[in-house]
Amino acid sequence: MAHNQGQEPYQPSYDAPTTPFQRVEVSSSADQTMRVPMPPTAGPFRPPPAPPRRGLVGRLTASVGDVPIKLVYLIAAVVVTVLAVVLIFAVFSGDQPDATEPQRADLSAPAGPAPSSAADEVVLTPAPESLAFPVMPGKASKVVGKIVDKRTGITYPRLGKPWTAKSFPPFAIAQRAGKVALPHTMVASAPLPVAADKPSSLADYRDLAVRAARWSLRSQHPEGATVTWTGSQKLAVGKGWIVGFKVDYTFGGRRQSSQALAAVVDAGKAKPAMLLATIPESGKGHWRDLNSLVKGLRSS
């Protein structure tokens with residue numbers, strides 16, 4: 001086809017002046033073939049090494065970051081509280097605090113020295129069927145409340161100073177004054193520690209009160225003690241019997257005496273309840289406390 005006059009001949013786009021690159025003619029000769037070298041290699045392909053395994057502490061430490069901060073504080077507070085409780089028990093476990101209801105123990109063995117055969121064979125005369133308790137000398141201690149012995153089911157006055165509630169096996173509850181030594185100064189309650197049929201009459205309760213008094217000679221008074229009855233009457237409130245008695249004995253090389261009482265009460269338990277009280281003449285200023293016990297003893 002003929003070109004129009006006055007116009008430049010047609011040029012392909014790669015030859016156009018505006019084309020930024022010039023055409024490069026490559027010879028078809030095999031000697032002119034371009035070889036592109038392969039990049040150097042470091043050897044056969046190896047997968048990246050696995051991350052090092054963490055120990056228990058490392059795993060726990062890594063896990064803490066996933067736990068909410070409030071939960072961390074809560075766990076820390078619980079740990080501190082438990083440690084504080086353990087420390088308190090460790091510090092005070094050896095203390096012997098005053099108690100309204102001290103530890104329980106086997107009543108089959110007396111609290112004092114082992115009795116001799118002579119003490120086992122003590123024979124007491126029957127208590128009178130009726131003998132009013134005398135007003136004892138001394139000044140009565142202030143009554144500061146009630147002892148409620150849940151184990152035996154009886155209630156009786158809680159005495160103020162110098163009396164304190166202390167643990168004194170084999171009794172369920174005991175109030176003590178002065179040194180813990182023969183002859184004892186105490187007011188204590190426990191289930192009746194002697195084998196007996198269930199009482200059915202006041203006479204049965206009176207006989208059991210005498211047996212309780214004899215038991216106290218073995219456990220709370222020096223060997224060779226003798227008894228003189230000072231009172232014998234039924235319980236003021238409820239079913240039971242109280243006997244009062246004077247205990248004479250030789251102790252420390254001289255003749256001494258104590259004032260005491262023994263009560264057996266029906267409290268609706270498998271065994272009747274027993275209340276014992278004894279005060280040696282070294283504490284005769286508190287003998288009047290026996291009158292307070294006689295008036296205040298009852299079943300719960």
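The legends below describe close-up views of a predicted model. Local features need pLDDT of at least 70 and side-chain atom pairs count only at pLDDT 80 or more, while totals for chains, interfaces and linings use all residues. Residues are numbered from 1 along each chain as its sequence is written, and side-chain values use heavy atoms, with hydrogens and water left out.

**View 1. The largest cavity and its lining.** The whole structure holds 1 cavity of 30 Å³ or more; a cavity is a set of points, on a 1 Å grid over the protein atoms alone, where a 1.4 Å probe fits but cannot get out. The space in the largest cavity is about 60 Å³, a volume being the space filled by probe spheres set on the points, which are joined across faces, edges and corners. Lining residues (an atom within 4 Å of a point) are F133, P134, M136, T230, Q259, A260, L261, L290, N291 and V294. By class the lining has 7 nonpolar, 3 polar and no charged residues. Here Ala, Val, Leu, Ile, Met, Phe, Trp, Tyr, Cys and Pro count as nonpolar, Asp, Glu, Lys and Arg as charged, and the others, Gly among them, as polar.

**View 2. The largest pocket.** Its volume is about 230 Å³; a pocket is an open set of points with protein on both sides within 12 Å along at least five of seven lines. Of the 14 lining residues, G178, K179, T185, P280 and S282 lie nearest the centre. The lining divides into 7 nonpolar, 6 polar and 1 charged.

**View 3. The salt bridge between E281 and R254.** The closest N and O atoms of E281 and R254 are 3.5 Å apart; a salt bridge is a side-chain nitrogen of Lys or Arg within 4 Å of a carboxyl oxygen of Asp or Glu. The pair links distant parts of the chain, 27 residues apart, with E281 in the loop between β9 (273-280) and α5, and R254 in strand β8. E281 is partly exposed at 26% relative accessibility, and R254 is partly exposed at 47% (buried is under 20% relative accessible area, exposed over 50%, partly exposed in between; 1.4 Å probe, protein chains only).

**View 4. The salt bridge between D248 and K246.** The N to O distance is 3.8 Å. D248 counts as buried, at 18% relative accessibility, whereas K246 is partly exposed, at 30%.

Note on methods. Helix = DSSP H or I, 4+ residues; strand = E, 2+ residues; numbered from the N terminus.
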